[in-house]
Amino acid sequence: MTKAFYSSGDVIADRRADYARMLAEGGDYAAAAELMGQALELAPEWAAGWDLLGTYSEKTGDVSGAISAWRRLEALDDEGVFGARLKLAAHDAGAAGEGTATSYVEALFDQYAPQFEDALVGKLGYRVPEILDAMVVEEMARLGIARFSKAVDLGCGTGLMGERLRQKVDFLEGVDISAAMIAETARKGIYDSLQKAELVAALNTRRAEADLMTAADVFIYCGALQPVLAALVPALKPGGLVAFSLEAHDGEEALFLRPSLRYAHGVAATRDALVVAGLDILRFETAVLRMDRGAPITGILVVAQKPMIELTAANDGESGDHVAA
C-alpha cells in the first residue's frame, strides 16, 4: 500500500523523502531507497518513512532490505495501519495472523475511495459485480424467486454490486469497513441503510434476517473462509442465498497471502468450507476477475444456499431411540 505521506517532523527529512518519491515515480527505486535511508537517519521513529523505504527496497529486488524496513515499521506502527505484518508474511518473514488486518484494510480503502471506480473498472477491467449478479439472476429464475425482501452487500465499497441488486431487493443494506467508501456510496442513494463495520463483527449481531448476502472481492482480505461463513450462515434466513468471489489458486494450501496482500483460496478447500458451513452449493465457477500488474487474476465465484430446514441430530431420551434427521 502506498500510504498517504505524513510529515516526519523534520524539514530536511521531509525534503529528502519528497525527492525520493519523485525518483520512485520516475522508476529509479534504488536512488529513492538511498534517499529514504538518509531521511530516516534524521527521523528514525517515522513509521510512514519506513513503509516507503520497504516499498522502494522491494522494487529494487532488495527483499532483505525491505524486510528489515518492515520490521522497524511493525515495531513503530502499533495499530497496524501500514500492514507491516502482512508484508512480512507475504515474504515468509512472519505470520499473517488470524482474520482481517482491520486497520490496514480500513486505511487502504479510505485512501483508495476517491479513485476506486476509475482504477478498478476503467483500468483493471473489474467484472465481479456483473458476473455475480448474472449468476444470482439465473438462480432466482431456477428457484422461482421473484424478489428478495432484504439483501446485505458486505464490503459494499462505492456500490458497484448494490447498483445491480437494487431493482430486485425491497430493502438493501451496505456494510463496509471504510468510512470514505461509505461516504462515496451514500452520495449515490443506492442503499436503504449503510453501516461502517468490520464484516464478521457486523454479521455476529444478526440472526436469520437476510435472504441474500453478497461479497464481491471482499473475503480476499479476510484470510480463512471458515470463520467468515460461520458468522454469515446464522445471519441468513432459511433458504437464503449468498454470492461471493475469491481469488483462486490450484495448490494444496487452503489459502496463501500474495505479494498484493490479498489472500488466494484453494479451489478444493473452498468447496470443503462451504460444505462444513452447511451451505448447499448452487454455482461454483472460475473466471478472470480483473487484471493486476498486467496479469489476469483468476477467481472463484460462488452462489450457495442455506437449507430451508437445518439438519440436526437429536436424542429422544424417553424412548431411548436415537433419531438423526
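Strand E4 is mostly covered, since six of its six residues are buried (under 20% relative accessible area, with over 50% counted as exposed and the range in between as partly exposed, using a 1.4 Å probe on protein chains only). The model is predicted, so local features need pLDDT of at least 70 and side-chain atom pairs count only at pLDDT 80 or more, whereas totals for chains, interfaces and linings use all residues. Residues are numbered from 1 along each chain as its sequence is written, and side-chain values use heavy atoms, with hydrogens and water left out. Helices (H or I, at least four residues) and strands (E, at least two) are DSSP runs, numbered from the N terminus.

**Strand pairing around E4**
- E1 and E4 pair in the parallel sense over three bridges, where pairing requires that DSSP finds at least two bridges between two strands.
- Asp-153 has Thr-214 of E4 as its bridge partner, and Thr-214 in turn has Ala-243 of E5 as a bridge partner.
- E4 and E5 run parallel and are joined by five bridges.
- From E4 the chain crosses through H12 to E5 in a right-handed β-α-β crossover, a term meaning that, with the strands pointing away from the viewer, the path from the first strand over the helix to the second runs clockwise.

**Helix H12**
- Helix H12 covers residues 225-235, and its buried residues include Leu-225, Val-228, Leu-229 and Leu-232.
- The buried residues of H12 pack against strands E1 (148-154), E4 (210-215), E5 (236-249) and E7 (263-266), and also against helices H11 (199-203) and H13 (267-276), contact being heavy atoms within 4.5 Å.

**The loop between H5 and H6**
- Ala-96 sits in the loop between helix H5 (84-90) and helix H6 (102-112), and Ala-96 is buried because its relative accessible area is 16%.
- Leaving aside residues up to four places away in sequence, Ala-96 touches Arg-85, Leu-86, Ala-89, Leu-257 and Tyr-263.
- Ala-96 and Leu-86 are 10 residues apart in sequence, while their C-alpha atoms are 5.3 Å apart in space.
- Thr-100 also lies in the loop between H5 and H6, and Thr-100 is buried with a relative accessible area of 18%.
- With residues up to four places away in sequence again not counted, Thr-100 touches Val-105, Glu-198, Tyr-221 and Cys-222.
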